[in-house]
Amino acid sequence: MPITLRPALPFDIDALWALRTVAVRVSCATHYAPEQITVWTASPVPPAYAAMLAAGGGIVAMQGEAIAGYAMLDVDKHEVDAVFVDSARAGLGIGKRLLAALEQLARERGIARLHLSASLNAVPFYQAAGFISLREEAYAHPSGISLASMAMEKQLVVA
């Protein structure tokens with residue numbers, strides 16, 4: 001079944017957050033302690049999600065009626081906030097398509113450089129997409145924990 005992309009809508013938030021929670025539990029388990037993942041995945045949807053969607057910064061990948069993944073762009077901060085793929089659909093290129101669509105969204109808004117804070121397991125994914133690692137950092141997660149991460153950025157060609 002083909003993957004289609006569409007804008008994320010406010011009614012998607014709960015389903016997106018549920019997908020993210022499972023993706024973190026599965027994909028981050030190789031790089032983070034179980035205690036960190038437990039706290040990380042127990043956190044509620046951040047209020048910023050609704051604002052990002054209102055600004056048109058969310059993209060959902062659909063496979064039939066199922067959400068296969070999603071990506072979020074904080075237009076104001078020029079930041080890739082999230083790229084998550086359903087763990088059962090990993091390796092199908094969905095994340096690459098979502099990130100490319102997010103970059104196109106940024107270009108359309110005149111954003112020339114994107115930055116992000118990548119979880120350690122996601123660094124190779126972003127490097128493969130042309131993001132440059134700037135420095136290791138401790139990401140202060142809203143739940144109160146500190147997560148090792150990599151600050152990354154990518155210059156975009158804006159037409």
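**Exercise 1. Sort the lining of the largest pocket by residue class, then find where the lining comes from.**

*Solution.* Start with the classes: in this predicted model, the lining of the largest pocket has 28 nonpolar, 12 polar and 6 charged residues. Next, take the volume, which is about 1,100 Å³. Now look towards the centre of this pocket: of the 46 lining residues, Asp81, Ala82, Val83, Phe84 and Ser119 are the closest to it. Then turn to the elements. Two or more lining residues each come from H1, helix H3 (48-54), strand E4 (79-85), helix H4 (94-108), strand E5 (113-119), helix H5 (123-128) and strand E7 (146-155). Finally, pick out the largest share: E4 gives 7 residues to the lining.

**Exercise 2. Work out how the buried residues of helix H2 (residues 34-42) are arranged.**

*Solution.* First, list the buried residues of H2: Ile37, Trp40 and Thr41. Seen down the helix axis, the buried residues of H2 fall within an arc of 85 degrees, so they line one face of the helix. Now check the other side of H2, where Glu35, Thr38 and Ala42 are exposed. Last, see what the buried residues of H2 pack against: H1, E5 and E7.

**Exercise 3. Is threonine 21 buried or exposed, and which side chain does its own side chain contact?**

*Solution.* Begin by finding threonine 21 in helix H1 (residues 13-27). Its relative accessibility is 9%, and buried means under 20%, so threonine 21 counts as buried. Then follow its side chain: a polar atom there lies 2.9 Å from the backbone oxygen of tryptophan 17. The side chain of threonine 21 also makes a polar contact with the side chain of arginine 20, at 3.2 Å.

How values were computed:
Residues numbered from 1 in each chain as written. Predicted model: local features only at pLDDT ≥ 70, side-chain atom pairs only at ≥ 80, totals over all residues. Heavy atoms only, no water. Helix = DSSP H or I, 4+ residues; strand = E, 2+ residues; numbered from the N terminus. Buried < 20%, exposed > 50% of the residue type's maximum accessible area, 1.4 Å probe, protein only. Polar contact = N/O pair within 3.5 Å; in protein donor to acceptor, adjacent residues only side chain to side chain. 1 Å grid on protein atoms, 1.4 Å probe; cavity = no way out; pocket = protein on both sides within 12 Å on 5 of 7 lines; lining within 4 Å. Points joined across faces, edges and corners; volume = space filled by probe spheres on them. Nonpolar A, V, L, I, M, F, W, Y, C, P; charged D, E, K, R; others polar. Arc of directions from axis to C-beta. Contact = heavy atoms within 4.5 Å.
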